[in-house]
Amino acid sequence: MIFRAVRDGAPYPDHQTTLKEWAEIPPRKVWLADLITTKRELALDKLLAEDSTFYGDLFPHVVEYQGYLYLEDGLHRALRAALQQRKEIHARVLILEG
């Protein structure tokens, strides 16, 4: 299995973190097997696009909540890493108390 689990939606409260605030969080290594996705569906065209991160953050966004890591943004990048036989990615991790 690539991810710990697949969900449809986030179990944590809306954190309203702006892109600028995300950019201030330094990336760290995260194991793909520890991530729980918050999206059940994947757009194959985005997965295969060479410039899929051109307009966004280079690093996926992960929310740590109640001891679990939720992949909020960057599912395509994480899956692409898994297809390249990588077991970890660099991601920005926002820690929410709860």
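Where is the place of Gln 16 in the chain? In this predicted model, Gln 16 falls in the loop that runs between strand S1 (5–6) and helix H1 (19–23).

The strands are described first. Six of them form an open sheet with mixed pairing, in the order S1-S3-S5-S4-S6-S2. The edges are held by S1 and S2, each of which has a single partner strand, so one side of each is left without a neighbour in the sheet.

The pairing of S6 shows both senses. With S4, the sense is parallel and five bridges are formed; here Val 62 has Val 93 in S6 as its bridge partner. Strand S2 (residues 27–31), in contrast, runs antiparallel to S6 (residues 88–96), and five bridges join the two. Trp 31 stands opposite Glu 88 in S6.

Helix H3 was examined for its burial. Seven of its nine residues are buried, so the helix is largely enclosed by the rest of the structure. The buried positions are Leu 75, His 76, Arg 77, Ala 78, Leu 79, Ala 81 and Ala 82. Just after H3, Gln 85 takes a positive phi of about 70 degrees.

Beyond its neighbours up to four places away in sequence, Phe 3 touches Leu 32, Ala 33, Leu 35, Thr 37, Leu 71, Leu 75, Ala 78 and Leu 79. Among these contacts of Phe 3, Leu 75, Ala 78 and Leu 79 are buried residues of H3.

The structure holds three aromatic pairs. One of them joins Tyr 12 and Tyr 70, with 5.7 Å centre to centre and 55 degrees between the planes, a tilted arrangement. This pair links distant parts of the chain, for Tyr 12 is in the loop between S1 and H1 whereas Tyr 70 is in strand S5, 58 residues apart. Both Tyr 12 and Tyr 70 are buried. Together with Tyr 65 and Tyr 68, Tyr 12 and Tyr 70 form one aromatic cluster.

Thr 38 is placed in the loop between strand S3 (35–37) and helix H2 (44–48) and, at 9% relative accessibility, counts as buried, because the cut-off for burial is under 20%. A polar atom of the Thr 38 side chain lies 3.0 Å from the backbone oxygen of Leu 71. Leaving aside residues up to four places away in sequence, Thr 38 touches Arg 7, Asp 8, Gly 9, Ala 10, Tyr 12, Tyr 70, Leu 71 and Glu 72.

Most residues other than glycine have a negative phi. Gln 16, however, has a phi near 50 degrees, a positive value in a residue other than glycine. Gln 16 is exposed, with a relative accessible area of 63%. Gln 66 likewise has a positive phi, of about 50 degrees, although it is not a glycine. The loop that holds Gln 66 lies between strand S4 (61–65) and strand S5 (68–73). Gln 66 counts as partly exposed, at 49% relative accessibility, because the category of exposed residues begins over 50%.

Definitions and conventions. Residues are numbered from 1 along each chain as its sequence is written. This is a predicted model: local features need pLDDT of at least 70, side-chain atom pairs count only at pLDDT 80 or more; totals for chains, interfaces and linings use all residues. Side-chain values use heavy atoms; hydrogens and water are left out. Helices (H or I, at least four residues) and strands (E, at least two) are DSSP runs, numbered from the N terminus. Buried means under 20% relative accessible area, exposed over 50%, partly exposed in between (1.4 Å probe, protein chains only). Rings of Phe, Tyr and Trp (its six-membered ring) pair if their centres lie within 6.5 Å; planes under 30 degrees apart count as stacked, over 60 as edge-to-face and the rest as tilted. Two strands pair if DSSP finds at least two bridges between them. A polar contact is a pair of N or O atoms within 3.5 Å; within protein, one must be able to donate a hydrogen and the other to accept it, and residues adjacent in sequence count only if both atoms are side-chain atoms. Contact means heavy atoms within 4.5 Å.
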